[in-house]
Amino acid sequence: MGTPRVAIYPGSFDPPTNGHLDIVQRAATLFDRVVIGVGTNLAKRTAFTANERIELMREACAKLPNVEVRGFDGLQVEFAREVGATFVIRGIRALSDFEFEFEMANMNRQLAPEVEMVFLMTSPEYLFLSASRVKELAAFGAPVDRYVPPNVAKRLADQAKKGGLRTGATEPSD
């Protein structure tokens, strides 16, 4: 048995969606260990705190034994080094995602040539799905059960009732 294949899957996950979970589940079959990095994106206003997003993702991934969830601040490649990962998982929905991720991959290669980017194409049923759209739907009281795990749907509904859902800038990696 060789060196374990460890990957990170970084993102803001505000909130975690079924699209995110699809990528996590598929990555869990490809790698020995997947560390989901719930990070801070300075370009986004979040509806949930970092600790809430970590908790939501942990609950959603509880049945995946080789997946763990951690928070991180800073660069993806530094987080990868911290957890011993040599792969970064990214999901791609559309050409616009590819352009953003292509730039990021090239920058990461300059910073950490030992860390390989791995792109997983979004499953067709999630091509339209983004965390920003889910928050927008929930803020207007629309049901989001088919777009997010049950624990997330409940928390979004609770936030919406309190008037606490904020939506921020949309970015391809949400």
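A salt bridge is defined here as a side-chain nitrogen of Lys or Arg within 4 Å of a carboxyl oxygen of Asp or Glu. The model is predicted, so local features need pLDDT of at least 70 and side-chain atom pairs count only at pLDDT 80 or more, whereas totals for chains, interfaces and linings use all residues. Residues are numbered from 1 along each chain as its sequence is written, and side-chain values use heavy atoms, with hydrogens and water left out.

**View 1. Salt bridge between R133 and E136 in helix α5**. The closest N and O atoms of R133 and E136 are 3.0 Å apart. Both residues belong to helix α5 and are separated by three residues, about one turn of the helix; helices (H or I, at least four residues) and strands (E, at least two) are DSSP runs, numbered from the N terminus. R133 is partly exposed, with a relative accessible area of 42%, and E136 is also partly exposed, at 34%. Buried denotes under 20% relative accessible area, exposed over 50%, and partly exposed the range in between (1.4 Å probe, protein chains only).

**View 2. Salt bridge between D14 and K135**. The N to O distance between these side chains is 2.8 Å. The pair links distant parts of the chain, 121 residues apart: D14 lies in the loop between β1 and α1, and K135 in helix α5 (residues 131–139). D14 is buried at 3% relative accessibility, and K135 is buried at 4%. In total, the structure holds 13 salt bridges.

**View 3. Salt bridge between E68 and R70**. The side chains of E68 and R70 meet at 3.0 Å, N to O. E68 is partly exposed at 27% relative accessibility, and R70 is partly exposed at 29%.

**View 4. The largest nonpolar core**. This core contains 19 residues, of which Y9, I36, M57, C61, V67 and I89 touch the most other members. Two or more residues each come from β1 (6–11), α1 (18–30), β2 (33–39), α2 (50–60) and β3 (67–72). Helix α1 gives the largest share, five residues. A nonpolar core is a set of buried Ala, Val, Leu, Ile, Met, Phe, Trp, Tyr and Cys residues joined through side-chain atoms within 4.5 Å. Not counting residues up to four places away in sequence, C61 touches L21, V24, I36 and V67; contact means heavy atoms within 4.5 Å.

**View 5. The buried face of helix α2**. R53, I54, L56 and M57 are buried in α2. Seen down the helix axis, the buried residues of α2 fall within an arc of 165°, so they line one face of the helix; the arc is that of the directions from the helix axis to the C-beta atoms. These buried residues pack against α1, β2, β3 and α6 (150–161).

View 6. Beyond residues up to four places away in sequence, V118 touches F31, F87, V88, I89 and R90.

**View 7. A nonpolar surface patch made by L75, M107 and L111**. The patch has an area of about 280 Å². M107 lies in helix α4 (residues 95–111) and is partly exposed, with a relative accessible area of 47%. Patches are made of residues with over 30% relative accessible area and no salt bridge, like charges being joined within 9 Å and nonpolar side chains (Val, Leu, Ile, Met, Phe, Trp, Tyr) within 5 Å. Accessible areas come from the Shrake-Rupley method with a 1.4 Å probe; for residues, only the protein chains shown count as cover.
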